[in-house]
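Biologist: Can you walk me through this one? I'd like to start with the terms, then go place by place.

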Amino acid sequence: MSYLQKVKIVSNQQLTQQAYLLSFIKTEPFFPGQIIGVTIDPDIPFRLYSLCSSPDDALMTILFTRKDNGLLTPRLADAKPGDMLWVGEVQGKFLFQNEPAWWIATGTGIAPFYSMFLSGKKPLKLIQGGRKEDEIYFRTDLESLIDYVKCCSQDAGEGIYAGRLSTYLESLDELPKTINYYLCGNAEMVVDVRNLLIQKGVGFANIITEIYF
């Protein structure tokens with residue numbers, strides 16, 4: 001990344017054993033769904049993260065999971081308020097125009113949708129997946145949505161579909177054909193769900209994706 005700007009970390013909240021919400025001084029305006037490059041040291045390759053804060057906030061916030069063998073995320077997880085962060089320019093075209101749509105996310109892939117939600121945008125349906133219940137990030141706020149399905153592949157509980165997100169989709173007899181489907185998560189999930197939607201008659205042009213690596 002040719003452009004990096006040094007900013008101050010304001011907070012670093014640990015959500016689960018591996019997940020964190022890192023907030024820093026806002027560097028520029030952005031649209032919900034956009035991404036930003038982040039590193040703790042210019043000598044460490046940056047990673048792209050979806051912003052999960054509202055565009056109206058004075059801070060920018062990212063949701064990330066610590067990878068113990070990684071170069072960047074262990075240091076991000078250990079960062080304290082007042083520490084400095086290097087960030088790039090906002091970019092990305094994973095933008096929602098408030099048209100009739102389903103949002104489908106796993107893990108930290110909920111981040112861009114949460115930014116959209118905070119900006120007042122709402123889907124017809126949100127399907128959110130995680131291995132365990134504590135990976136259903138932002139659940140308390142998102143419960144206000146009219147149609148909200150939470151899927152856990154390794155957990156069970158009240159209001160939880162016990163199984164993979166893709167299994168839930170497979171169980172549906174029919175899917176709306178005239179709406180858009182926004183997918184965000186790891187590459188395997190996005191590819192599997194996209195193929196499943198197409199098999200169920202959803203047009204390729206109606207599927208908008210953002211893949212996390």
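Predicted model: local features only at pLDDT ≥ 70, side-chain atom pairs only at ≥ 80, totals over all residues.

Biologist: Which residue with a positive phi follows H2?

Modeller: Helix H2 covers residues 111–118. The phi of the residue that follows H2 is near 95°. That residue is Gly-120.

Biologist: How many residues of H2 are buried?

Modeller: Buried here means under 20% relative accessible area, with exposed over 50% and partly exposed in between (1.4 Å probe, protein chains only). Among the buried ones are Phe-113, Tyr-114 and Phe-117. S4, S5 and S11 are among the elements that cover them, where contact means heavy atoms within 4.5 Å. Of the eight residues in H2, the buried ones number seven.

Biologist: S5 also holds Thr-61. Which side chain makes a polar contact with the side chain of Thr-61?

Modeller: Thr-61 is buried, at a relative accessible area of 11%. Leaving out residues up to four places away in sequence, Thr-61 touches Leu-21, Leu-22 and Cys-52, among others. A polar contact is a pair of N or O atoms within 3.5 Å; within protein, one must be able to donate a hydrogen and the other to accept it, and residues adjacent in sequence count only if both atoms are side-chain atoms. At 2.7 Å, the partner is Ser-23.

Biologist: Where does Lys-80 lie, and which residue's backbone oxygen lies 2.9 Å from a polar atom of its side chain?

Modeller: Lys-80 sits in the loop between helix H1 (73–78) and strand S6 (84–87). Its C-alpha is 6.9 Å from that of Ser-11, although 69 residues separate the two along the chain. The backbone oxygen 2.9 Å from the Lys-80 side chain belongs to Asp-78.

Biologist: Which domains does the lining of the largest pocket draw at least three residues from?

Modeller: A pocket is an open set of points on a 1 Å grid over the protein atoms alone, where a 1.4 Å probe fits, with protein on both sides within 12 Å along at least five of seven lines; lining residues have an atom within 4 Å of a point. This pocket is lined by 45 residues, with Lys-67 and Asn-186 among those nearest its centre. By an automatic or database assignment of bounds, the contributors are domain 1 (5–91) and domain 2 (101–211).

How values were computed: Residues numbered from 1 in each chain as written. Heavy atoms only, no water. Helix = DSSP H or I, 4+ residues; strand = E, 2+ residues; numbered from the N terminus.
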